[in-house]
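Here is a walk through a structure that may be new to you. Have a look at it first, and then we'll take it piece by piece.

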Amino acid sequence: MNELRRKATVSGIGQSEIGRRLMRNPLDLTLDACVAAIEDAGLRREEIDGLSTYPGAMGPGGFSGAGISDVHDALRLPLRWFNGGPEHPGQLGSVIEACMAVACGLANHVLCFRSVWEATYQGKGKRAGLGLGGGESSGGGYRASGMMEYTLPFRAYSAVNWIALFAQRHFHEYGTTREQLAWIALNARRNAGKNPSAIYRDPMTLDDYLSARMISTPLCLFDCDVPADGATAFIVSRPERAADLRREPLFVESVGCALKGRPSWDQFDDLSTMATRDAGPALWEGTELGPGDVDVAELYDGFSFITLSWLESLGFCGKGEGGAFIEGGERIALDGSLPLNTHGGQLSAGRLHGYGFLHEACLQLWGEGGERQVPGDPQVAVAAAGGGPLAGCLLLTKG
Amino acid sequence: MSAEQPFRVLPRVTEENAHFWRGGEQGQLQFLRCSACRTWIHPTSPRCPECLGKGLVVESASGRATVLTYTFNHQPWVPSADHPYPIAIVELEEQTGLRLMTNLVNLSNEDVAIGLAVRVVFEQREDVWFPLFEPADAALRRVGADPA
């Protein structure tokens, strides 16, 4: 049991317009989400005394729409604590750190945000793949270093290649098949059809999936999420400061941010899993609740295999059993025993890069899922983000 | 090697990693190794990750390895005539966990498999010798193989 249990709440959420190639200023999108979250909590902006984000300001590229200083200055926030950067336990690590800040009393209300504008940036023809750095490599002179030194020179330009290597190993060890993995994508599309802000909403069949063009075996086009423009924000509040706010606060019951294996895409000791292996079990160390208590699961699907890895790592099924667990899609449907990625995930609703999963978990617990609302008044939700060496997760409870 | 070599991003070669990226000039696949506990180290580090010793020396590995996993990249990130091409993670026979991402070459795509025994072969570009891997079994080697 850790000291964080029920010492932080989510008191408000906000989201900007989401879409493909909105051609909007990324800070403008970011502020839409931030202002919406502050209003959703019923706070005044001078009450926001903490600010946290992933991955922080990164310049052009579409991967980050705004950094800490951009939002701090635009909203003239009187900050007592702030934190931004890429080296977190996954994208939601920035929210976990906000929970720690309010639990320690360093802030009362932390505004957390993540914004992306990759669709617009790619629409301008400037990004062929993550590793190609906006085309600078083709201009001569670029040389790979850091985390790219041992991937790019071997023509592994994109995270899809790196994740595919894990997926293939899982297929090899456990007999997992494309017909099974398909259900991550099919379930997401099925749910996106009930989400008016999702990007891809037309029904998808198993045949559609199996006949899609291959990107990096065994992953096809529909195993890859869709680049989007959009921003998401949360208010993380001290419980004693959240009690009188507009919304019923959602308690952070536990978090998982362990990474015991090597922090690397190619050097992780077990290639049939990822950093999820360490972060998942850590979530259950902080609570008396267990996987069987979870009413809704929002698990990162930047690539479909990552969701399967989270399902196994969080103990919803055994190691290697993920394929059988999702096969047929009944167990993970809205009316199944473990409703999964109820908004359509990043595969169909758009790559809001981790924050979209926590946003959806909150909506579901507040009973505001609309047509896609999970029945039975869900009380416990898990939100997880990150793949490869990135992994962080939160367990939320209502009341 | 096929006549037309595919585009490759070059690594930034430094004093610390030159043994790895340029060892191929002498036909050697080189890594740092701890002179105290004999652990092989990759990527490079100022200290041995096992015993934290600082006495690290460059040594040549056998170049014999096993394929741990692979993927065929189909997406044309960079135009090339050889799609789909195999990317793999291989483990050197010297030590469990001594591994690297690489490309498998000189074989038919249909022979690519987890567990395949491979050996290093080098492809030079400018000041870099890329360590790539081909089948250890001569019967599986196809020099300049086309994609299956």
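Two strands are said to pair if DSSP finds at least two bridges between them. Helices (H or I, at least four residues) and strands (E, at least two) are themselves DSSP runs, numbered from the N terminus. One thing to keep in mind is that this is a predicted model: local features need pLDDT of at least 70, side-chain atom pairs count only at pLDDT 80 or more, and totals for chains, interfaces and linings use all residues. Residues are numbered from 1 along each chain as its sequence is written, while chains are lettered from A and ligands numbered from 1 in the order in which they are written.

Let's start in chain B, with an open sheet of three strands in the order S2-S1-S3 and with antiparallel pairing. Its edges are strand S2 (40-41) and strand S3 (56-61) of chain B, each of which pairs on one side only. Strand S1 (residues 29-34) of chain B pairs with S2(B) over two bridges, in the antiparallel sense. Look there for Arg33(B), which stands opposite Trp40(B) in S2(B). As background, strands of a sheet pair through backbone hydrogen bonds, either parallel or antiparallel.

Further along chain B, strand S5 (residues 85-92) runs antiparallel to S6(B), and five bridges join them. Ala88(B) stands opposite Thr102(B) in S6(B). This hairpin of S5(B) and S6(B) has six residues between the strands, and Gly97(B) takes a positive phi near 90 degrees in it.

How many residues of strand S6 (residues 99-103) of chain B are buried? A residue is buried if 20 or more other C-beta atoms, placed from the backbone, lie within 10 Å of its own; 12 or fewer make it exposed, and in between it is partly exposed. Five of the five residues of S6(B) are buried, so the strand is largely enclosed by the rest of the structure. Arg99(B), Met101(B) and Asn103(B) point one way, and Leu100(B) and Thr102(B) point the other way.

Now over to chain A, which has 13 helices and 11 strands. Its radius of gyration, taken over C-alpha atoms, is 20 Å, close to the 21 Å that the globule rule (2.2 Å times the number of residues to the power 0.38) gives for 399 residues, so chain A is as compact as a globular protein of that length. Of those 399 residues, 59% count as buried.

Where do the chains meet? Contact here means that two residues have their C-beta atoms, placed from the backbone, within 7 Å. Chain A brings 32 residues to the contact and chain B brings 27 residues. On the side of chain A that touches chain B, the largest share, six residues, comes from H5(A).

Beyond its neighbours within four places in sequence, Cys99(A) is in contact with residues including Leu4(A) and Val236(A).

Finally, find Ala233(A) in strand S7 (residues 229-237) of chain A. Ala233(A) counts as buried because it has 28 C-beta neighbours inside 10 Å. Ala233(A) and Arg114(A) lie 119 residues apart in sequence, yet 6.6 Å apart in space, C-alpha to C-alpha.
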